[in-house]
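Colleague: I would like to learn how to read a model of this kind, going from the sheet to the helices and then to the aromatic side chains. Could you take me through it step by step?

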Amino acid sequence: MSRKYKFHNQSSPYFVTFSVINWIDVFIRPNYQEILLSSFRFCQNKKGLILYAWCIMPSHVHLIIGTKKQPMQNILRDFKSFTSRKLKEEIASYPKESRKEWMTWMMKRAGLKNGNNHNWQFWQQHNHPIELTSGNMIHQKLEYLHFNPVKAGFVKHPKHWKYSSADDYYGGKGILDIEIIY
């Protein structure tokens, strides 16, 4: 098994981060973010993905996930494969995308260098899943995930970042259904 998907205990929650190749800031446009949100919803409803916490940053995604059905590595593989294809289509067809040629060139270049792809690569290959085996680990990763937009200077408080589960953890109702974990 490659080093990109190592989920040893399917009954534990995991912290996972995956990034766009070359850390390209793709998720600055709502239409690109919505592709991820729709895919999260699909994986929740059809594949048994449990989302405990999530955050979409401009160039990467943080998740705390679990599963009720399929193995997490399969869900994540399918999620990344599907979103890669959909985002490629959206970038190519979005008339307001001023960086279209540059992003397409970067992703084609990365795909040609990687034998696992066919002329295109959107996501970096490695996710480094971390099994969360204690309450302290869960708290630390929740804090890291939700404060990432604050640390980056995008918002002053985690609950103000629309594309994360922080609002759920501060008593509000976020834009995705999640299971609160403490």
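Modeller: Gladly, and please keep in mind throughout that this is a predicted model.

Colleague: In what order do the strands of the open sheet lie, and which strands stand at the edges?

Modeller: The open sheet has 4 strands in the order β2-β3-β1-β4, and the pairing is antiparallel. Because β2 (49-56) and β4 (130-131) each have a single partner strand, one side of each is left without a neighbour in the sheet.

Colleague: Which strands does helix α2 lie across, and which does helix α4 lie across?

Modeller: For a helix on a sheet, one reads both the strands it lies across and the angle it makes with one of them. Helix α2 (residues 72-93) lies across β1 (14-19), β2 and β3, and runs at about 25° to β1, while helix α4 (residues 135-151) lies across β1, β2, β3 and β4, at about 145° to β3.

Colleague: Is C43 buried or exposed, and which residues does C43 touch?

Modeller: C43, which is found in helix α1 (residues 30-47), has a relative accessible area of 2% and counts as buried because the cut-off is under 20%. Leaving aside residues up to four places away in sequence, C43 touches G48, L49, I75 and F79. C43 and F79 are 36 residues apart in sequence, yet their C-alpha atoms are 7.4 Å apart in space.

Colleague: How many aromatic pairs does the structure hold?

Modeller: The structure holds 10 aromatic pairs. One of them is F27 with W123, stacked at 5.8 Å centre to centre with 25° between the planes. Since F27 lies in the loop between β1 and α1 and W123 in the loop between α3 (100-113) and β4, the pair ties together parts that are 96 residues apart in sequence. F27 is buried, at 2% relative accessible area, and W123 is buried too, at 4%.

The rings of F40 and F79 are also stacked, with centres 4.8 Å apart and planes at 10°. This pair links F40 in helix α1 to F79 in helix α2, distant parts of the chain that are 39 residues apart.

Colleague: Which residues form one aromatic cluster?

Modeller: The cluster consists of F18, F27, F40, W54, F79, F122 and W123.

Key
Residues numbered from 1 in each chain as written. Predicted model: local features only at pLDDT ≥ 70, side-chain atom pairs only at ≥ 80, totals over all residues. Heavy atoms only, no water. Pairing = 2+ DSSP bridges. Helix = DSSP H or I, 4+ residues; strand = E, 2+ residues; numbered from the N terminus. Contact = heavy atoms within 4.5 Å. Axes fitted to C-alpha atoms, helices over the stretch in contact; angles between N-to-C directions. Buried < 20%, exposed > 50% of the residue type's maximum accessible area, 1.4 Å probe, protein only. Phe/Tyr/Trp six-rings, centres within 6.5 Å; stacked < 30°, edge-to-face > 60°.
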